[in-house]
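These are my notebook entries on a structure that was new to me. I set down what I looked up, in the order in which I looked it up.

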Amino acid sequence: MRAAVITLAGVAPAHAEHPDPAPAPGRTVVRVEAAPIAPLDLLAASGTSYFGVPATPYVPGVQGVGRTPDGTPVWFSTDAGMRPGDGSLAELCSVADGDLVPLPDGVTPVQAAALGLSAVAAWVILTDSARLAAGERVLVLGAGGIVGQVAVQAARVLGASRVVGAARSAAARARADDDEPAALAARLRDALGGEADVVVDPLCGVPGTAGALALAPGGRLVNLGSEAGPTLAVDSASIRARHAAVLGYTNNALSPAQRRTALEAVLGHAAAGRIIVGHHECPLDDVTAAWERQAARSGTRQVVRIAAGR
Ligand SMILES: NC(=O)c1ccc[n+]([C@@H]2O[C@H](COP(=O)([O-])OP(=O)(O)OC[C@H]3O[C@@H](n4cnc5c(N)ncnc54)[C@H](OP(=O)(O)O)[C@@H]3O)[C@@H](O)[C@H]2O)c1
């Protein structure tokens, strides 16, 4: 089969021939239609993450969309790069049966692939981790990313009274090193028209710290990534005076059933046009360049189109 193949950890995959997956009990061979390149794919392939150095050669791709042998359209996940085995960036992918989720009508393979695990995280953070209530104010950091785009739209769907998405501009990037968390928190409170009941934080670092300082009494900040830095620096008095909560989130703590429920909810809203994310579509033979665009954090989710679907 044709596939994206990584032969050395830390080096982008190349378009190449790779052996077809063998049939195995409890697994389904999916004919892949589209697969995104997400931050988790790069982290796992880097060889420098807590997953260790992946065995090579392997096909990356922790999620994808395709069809089972009976033609059912599905979204699926894999452990590629985190455990031995091949992932979704190939014409065929062997998937554990528990990791298959049927796609609802009305969502294209590319749309579903662009949403995927980042959308699951945004949805579960708002509904389960932060327990967003109707009428609350929500601040979404990193609002230009997939998590951020979904969180902004999902917060609206879930009845937030005010949703502010914060995204860095070119000018902000240039002055990012000088940004003071307290000054940024003041600007965020201005935009919110008050304080945030819920903060969705894929960034950590200075913006995450500012988000924590902008929390309302009883507010909840949920961190799921460290795009802007490894540390939140919040003083005890700010948190305890507001009896606020700073929580961590990982999709890895979800059961397959929880992940499926969240994905079905998001894809249902996507089918109805309420949750839409930007993405850049490219063919499998362009995978090296697409991988490098994602590595450069070019801002648009790369979705590799592998076979013609619906
Ligand atoms: N814990 C989990 O289970 C889980 C699940 C999904 C995602 N995540 C993590 O959440 C983060 C976001 O995921 P995603 O899918 O939304 O990724 P993405 O689409 O690549 O978005 C990344 C976002 O981070 C912003 N960013 C990067 N560096 C920044 C900086 N120094 N200051 C401010 N903003 C910065 C980018 O801004 P620009 O648009 O300006 O480049 C972009 O909006 C990633 O770290 C990912 O690993 C975690």
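Entry 1: In which loop is the place of Pro57? I found Pro57 in the loop between H1 and strand E4 (63-67). I take helices (H or I, at least four residues) and strands (E, at least two) as DSSP runs, numbered from the N terminus. I number residues from 1 along each chain as its sequence is written. The model is predicted, and I note that local features need pLDDT of at least 70, that side-chain atom pairs count only at pLDDT 80 or more, and that totals for chains, interfaces and linings use all residues.

I looked up the peptide bond from Thr56 to Pro57 and found it cis, with omega near -5°. I then turned to Arg131, which is in the loop between H2 and strand E8 (137-141). Arg131 is not a glycine, yet its phi is positive, at about 45°. I noted both details because most residues other than glycine have a negative phi, and most peptide bonds are trans.

**Entry 2: Domains.** I read the domain assignment of the protein chain as domain 1 (2-102 + 278-305) and domain 2 (116-252); such bounds come from an automatic or database domain assignment. The centres of domain 1 and domain 2, taken over C-alpha atoms, are 29 Å apart. Nine residues of domain 1 and six residues of domain 2 form the contact, where two residues are in contact if their C-beta atoms, placed from the backbone, lie within 7 Å. On the side of domain 1 that touches domain 2, I recorded four nonpolar, four polar and one charged residues. In these classes Ala, Val, Leu, Ile, Met, Phe, Trp, Tyr, Cys and Pro count as nonpolar, Asp, Glu, Lys and Arg as charged, and the others, Gly among them, as polar.

**Entry 3: The ligand.** I found 28 residues around the ligand, the closest being Pro39, Gly144, Gly145, Val147 and Gly225. Helix H1 (39-46), helix H2 (109-129) and helix H3 (146-157) each supply at least two. By class, I recorded 15 nonpolar, nine polar and four charged residues in the shell.

**Entry 4: H2 with H3.** The axes of H2 and H3 come within 8 Å and cross at roughly 50°. Axes are lines fitted to C-alpha atoms, for helices over the stretch in contact, and angles run from 0 to 180 degrees between N-to-C directions. H2 is therefore oblique to H3; angles under 35 degrees count as roughly parallel, over 145 as roughly antiparallel, 65 to 115 as roughly perpendicular and the rest as oblique. Among the residues that meet, I noted Ala114 and Trp123 in H2 and Ile146 and Val147 in H3. The residues of this contact divide into 13 nonpolar, one polar and no charged.

**Entry 5: H2 with H8.** I looked up helix H8 (residues 256-271) and found that H2 and H8 pack at an angle of about 120°, with their axes 9 Å apart. H2 and H8 are therefore oblique to each other. The contact includes Gln111 and Trp123 of H2 and Arg259 and Leu263 of H8. By class, the residues of the contact of H2 with H8 are 12 nonpolar, one polar and one charged.

How values were computed:
A residue is near a molecule or strand if its C-beta atom, placed from the backbone, lies within 6 Å of it.
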